[in-house]
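Hi everyone, thanks for coming. Today I would like to walk you through a structure, step by step. Please have a look at it while I talk.

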Amino acid sequence: MLKINQIWKNILLETEAKVSTLAYDLYINSLEPVGIYHDRLILVAETRALKNIVDNNYKDVLKKCMAVVFPSLIDVEIITEDDLPNVGSVEKEVNIPLGKGFVPIGEERATFVSQYTFDNFVVGKSNEYAAAVARAIAENPGTRYNPLFLWGGVGLGKTHLMHAIGNYIQRTFPEKRIMYVTCEQFVNEFIESLHDTKNPNAIKNFRAKYRKLDILMMDDVQFLAKKEGTQEEMFHTFNELYLSDRQIILSSDRPPKEIQIEERLKTRFGTGVIADIQPPNLETRIAILQKKCNAKGYNVNIKVLTLIAEKITTNIREMEGMLNRIISYSTLVGGDPNDINMVNEALKDYEDSSNDIIDIEQIVAATCEYFRVKKEDLVGKKKTKDIVIPRQICIYLICDILGQSMPLVSIGDYFGKRDHTTIMHARDKISEECKNSDVIASQVKDIRDKIYNR
Ligand code: ADP
Ligand code: MG
């Protein structure tokens, strides 16, 4: 039996990958499931205007996605609250078969950033080999390119490529057990399971979890340096997977031989394919910015994109940060993101502030101080208004200031393992509020000033 919310969540998961982020956030994700009435999914829209937009533009894609996830559902109907009394008695919990090949949300499903796909990855000279191998592995995971060792500077797309492999495999080979971990996560989990006094099987479970995988992806393995215990553990995990032809994908900011780890692990890391990613050239950087604009629904012309791509040459994430800054600045002051004067104004601010490195802790601390709330409440579960608004403002500021260097999934983890869609919702809500409410806008500004110590 599946509850209606569960059903809708799975359909959302499929839809998120099929529509633009903007459309998803604004329209699709704001619909609420009511129930199922004769194989028809009933959704309620907050306003009639929203209902009309979805009816006219997104009903077909919703139906298509629904057919992938739950083929027995044949139609979707959008209503408004006014129509609720006229809906017959709907079912809120049904026994419903899943579509073939669809992996539902659950414990076993790894979550990959849905925007990090091969389609969204711009290929140029600097990354074409890495992208080609990644693609070949996604299409045919196993022996041929094993292990894949991806390396390159910060913000050049290593994590993006790993998630692209993950998204692809999850869709094409739903039966495969695949997992993505950051090296830090692996280290922490290992240490925790060593010291877990309550559960004598913790270390056994930890080993079993990693050694039963068909595909293991570990990001930023340079963090294994100086962690001898974890290196030893990784060595055995590696061997177990490798010797039974299971796919291993590793990433690092440097080639295997330069990582400070024991020799035998270095050798193993380098026995398969080593692919490096170099900083992209100007044309590729502009193409990447264009892709991001399309995905986010930003309307920024080539002149402005070129200006950004000329300013930042070695880190795509920073380039995106600059783009986001221009957009949020123009939204705040009500200007045109294509007006060069405004862009310069926005970037002046960017350069001033990018000198000091700001991290999530500083943003959280400033928010807590400003609203006089405790950090554990801010990142915790409380739903009272005096906590919810500060929490949403904090999330908005994190997204705005840290940009892509802090993926929504990680922010969600930080805020008590909340779903990334919740983070997205908070971010967009405050971004809207900044336009509609002077109070919120000035709170955001005050906290921002606090963070930058102005
Ligand atoms: P890394 O893991 O190498 O530090 P990421 O994979 O996190 O870098 O990439 C940083 C940002 O740059 C991400 O938002 C990613 O989508 C983007 N990016 C990097 N390379 C490309 C590319 N070739 N095409 C599109 N986006 C890219
Ligand atoms: Mg990365």
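Predicted model: local features only at pLDDT ≥ 70, side-chain atom pairs only at ≥ 80, totals over all residues.

Let's start with Leu216, whose bridge partner in S9 is Ile248. Strand S8 covers residues 215–219, and strand S9 covers residues 247–252. The two strands run parallel, and 4 bridges link them.

S8 has a partner in strand S7 as well, which spans residues 178–182. Here too the pairing is parallel, this time over 5 bridges. If you want one pair to find on your screen, look for Thr182, whose bridge partner in S8 is Asp219.

Now, how many residues of S8 are buried? The count is 5 of 5, so the strand is mostly covered, given that buried means under 20% relative accessible area. In a regular strand, side chains alternate between the two faces of the sheet. You can follow this in S8: Ile215, Met217 and Asp219 point one way, while Leu216 and Met218 point the other way. Whichever way they point, all of these residues are buried.

S6 and S9 run parallel and are joined by 4 bridges.

Let's zoom out for a moment. The protein is divided into four parts: domain 1 (2–94), domain 2 (128–277), domain 3 (282–354) and domain 4 (360–452). Taken over C-alpha atoms, the centres of domain 1 and domain 3 are 35 Å apart.

Next, the ligand. Which residues come nearest to ligand 1? Of the 19 residues around it, they are Gly155, Thr159, His160, Lys292 and Glu320. Sorted by type, the shell has 7 nonpolar, 8 polar and 4 charged residues. Domain 2 and domain 3 each give at least three residues to this shell. As for helices, H5 (158–172), H10 (282–296) and H12 (316–333) each supply at least two.

A polar backbone atom of Val122 lies 2.8 Å from a nitrogen atom of ligand 1. For Gly155, a backbone N or O atom is 2.7 Å from an oxygen atom of the ligand. With His160, a polar side-chain atom sits 2.7 Å from an oxygen atom of ligand 1. Taken alone, the ligand exposes 560 Å², and the protein buries 97% of that.

One last stop, just along the chain from all this. Ile312 sits in the loop between helix H11 (302–311) and H12. Is Ile312 buried or exposed? Its relative accessible area is 7%, so Ile312 is buried. Ile312 and Met322 are 10 residues apart in sequence, and their C-alpha atoms are 8.8 Å apart in space.

Conventions
Residues numbered from 1 in each chain as written. Chains lettered and ligands numbered in written order. Heavy atoms only, no water. Near = heavy atom within 4 Å. Polar contact = N/O pair within 3.5 Å; in protein donor to acceptor, adjacent residues only side chain to side chain. Areas by Shrake-Rupley, 256 points an atom, 1.4 Å probe, with all protein chains shown as cover. Nonpolar A, V, L, I, M, F, W, Y, C, P; charged D, E, K, R; others polar. Domains from an automatic or database assignment. Buried < 20%, exposed > 50% of the residue type's maximum accessible area, 1.4 Å probe, protein only. Pairing = 2+ DSSP bridges.
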